[in-house]
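Me: I would like to learn how to read a few features of a model, one at a time. Please give the general idea and then the case at hand.

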Amino acid sequence: MRLFGTMKINEVGTLEVGGCSTVALAEEYGTPLYVMDEALIRENCRKYKNAFVMEGVDTQVIYASKAFLNMAMCALIREEGLGLDVVSGGELFTAMKAGFPMNSVYFHGNNKTEDELVMALEYGVGTVIVDNPHELQLLDDLAKEKKRKINILFRVNPGIEAHTHAFIQTAHHDSKFGESIYDRKIYDMLAFALASEYLQMQGFHCHIGSQIFDEKSFYGAAKVMIAFLQQVKEVTGYETAVLNIGGGFGVYYADGDEPVDVEVCLPNMLEMITMDCIEAGIRVPKVMIEPGRAIVGNAGCTLYKTGAVKDTYGGKKYVFVNGGMTDNPRTALYDAVYEAVIANKMKDTDKEKVTVAGKCCESGDILIHHIELPKVQRGDLLCVASTGAYNYTMASNYNRIPKPAVVLVKDGRARLIVKRETYDDIIRNDLAY
Ligand SMILES: Cc1ncc(COP(=O)(O)O)c(C=O)c1O
Ligand SMILES: N[C@@H](CCCC[NH3+])C(=O)O
């Protein structure tokens, strides 16, 4: 397993994160347990912020909170000076409760409800990313009613097919997100927005997908977007103030994954955008990006206790853990591949091939299909790496399994940031018959 951030192996052969022994963390907080490396989250925020600069160009990095969000995470993102992308009333509510500055919140979503748009207006959200004409009309009506002005961007599709799992591609012509830049509707939407007294049209947003390794996909999207901005100017005279090119920067999960070097890719992208704008005769807009996974993915790991080890008649060896698709549905959903170790046996060299499976009543509840691990006994501690993004946020209570706790570790100290759910939480909303 690749060790990320502050992970290291101590003298007794135990995995440590943030200066904390994983065995001690499991004892104190129980398992399954999500462990987040604060130093690595901060380092990633800074890496993106520092790489996304170019003289004379206004830029902003916005954290896509769908990857991992809670009140502590809001505080951390705020301290690091990133904006916050939210995509639902729940994410927005979390940000508000955490005191995140609302003018740095960007509200996304292809089907925001009326209630959610009202929330955005009442909270004073900085920018709403409008998905379609229906939403544009609704937001205008609500803004008028509330007498609140609000910045908007249009979510558009540049038609770029990024090389990633089909379920996490987002910018093809039939995508459910946004409107195609080749669709004439965009111009009607623009005319409407520009005529509105309450909607303040700032520009355009695109996002081509997630877990992308090919930097050319990002350059391609930016290029197509600049050509689009030029056409918009030619057709309507409108000069775009903001261009948000979304997130999608892939991270390492397993052998073969080769993330882009953001320290190269981001400056290249800014330079390309600037040159293309100059060539196209348009003003260089403020440029934004929205990484989610790249900020938190490698900064998280999950600790499980191993239970039964089963040799099947068919010849497979299963190691069962006390979690599974309820805390990490990504293997079942996207055929995601993870690396893992037995955290209390880091120095064992005698290994065997196993399949790591969860405890749900579902054959597809597999965390890792093929992996070599030291000989596992009941009560060992399995650590799955790179579970910081889209794990806690996609966790479910299937089979009425309570969601795990989350701890943030740094410099030998662990801080509980999300409590473990209890069985009482599981029946919290049930009403007696
Ligand atoms: C609009 C938007 N922005 C940002 C992201 C963040 O993506 P990632 O976590 O891959 O960086 C997503 C998710 O794909 C998204 O839909
Ligand atoms: N949930 C996906 C990413 C979706 C990105 C949001 N548009 C994953 O775990 O890979």
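Me: Is S386 buried or exposed?

Reply: Burial is read by counting C-beta atoms within 10 Å, and 20 or more make a residue buried. S386 has 27 such neighbours, so it counts as buried. Bear in mind that this is a predicted model.

Me: Where does S386 lie, and what is its phi?

Reply: S386 sits in the loop between β19 (381-385) and β20. Its phi is positive, about 60°, although S386 is not a glycine. N399 is found in the loop between β19 and β20 as well, and its phi is near 60°, again a positive value in a residue other than glycine.

Me: Which residues does a cis peptide bond join?

Reply: Omega is the angle to read here: at the bond between T31 and P32 it is about -10°, and the bond is cis. P32 belongs to the loop between α1 (22-29) and β4.

Me: How many helices and strands are there?

Reply: The protein has 12 helices and 21 strands. Its radius of gyration is 23 Å, close to the 22 Å that the globule rule gives for 433 residues, so the protein is as compact as a globular protein of that length. Along the principal axes, the C-alpha atoms fill a box of roughly 70 × 55 × 45 Å. Of the 433 residues, 46% count as buried. Among contacts with a separation of 6 or more, 69% come from residues 24 or more positions apart.

Me: Which residues of α2 are buried, and what do they pack against?

Reply: The buried ones are E38, L40, I41, N44, C45, Y48 and A51. They pack against β4 (33-37), β5 (59-64), α3 (71-80), α9 (262-280), α10 and β20 (405-410).

Me: Where do R293 and E362 lie?

Reply: R293 is in helix α10 (residues 293-296), and it counts as buried, with 27 C-beta neighbours inside 10 Å. Leaving out residues up to four places away in sequence, R293 touches A67, S210, Q211, V251, A389 and Y390. E362 is in the loop between β17 (351-357) and β18 (366-374). With 15 C-beta neighbours inside 10 Å, E362 counts as partly exposed.

Me: How many residues surround ligand 1?

Reply: The shell has 16 residues, and the closest are A64, S210, G247, G292 and R293. By class, the shell divides into five nonpolar, eight polar and three charged residues.

Me: What is L416 in contact with?

Reply: Beyond its neighbours within four places in sequence, L416 is in contact with Y29, A405 and V407. L416 is part of strand β21 (residues 413-418). Its C-alpha atom is 9.4 Å from that of V35, 381 residues apart along the chain.

Methods:
Residues are numbered from 1 along each chain as its sequence is written. Chains are lettered from A and ligands numbered from 1 in the order in which they are written. This is a predicted model: local features need pLDDT of at least 70, side-chain atom pairs count only at pLDDT 80 or more; totals for chains, interfaces and linings use all residues. Helices (H or I, at least four residues) and strands (E, at least two) are DSSP runs, numbered from the N terminus. Two residues are in contact if their C-beta atoms, placed from the backbone, lie within 7 Å. The radius of gyration is taken over C-alpha atoms; the globule rule is 2.2 Å times the number of residues to the power 0.38. A residue is buried if 20 or more other C-beta atoms lie within 10 Å of its own, exposed if 12 or fewer, and partly exposed in between; C-beta atoms are placed from the backbone. A residue is near a molecule or strand if its C-beta atom, placed from the backbone, lies within 6 Å of it. Ala, Val, Leu, Ile, Met, Phe, Trp, Tyr, Cys and Pro count as nonpolar, Asp, Glu, Lys and Arg as charged, and the others, Gly among them, as polar.
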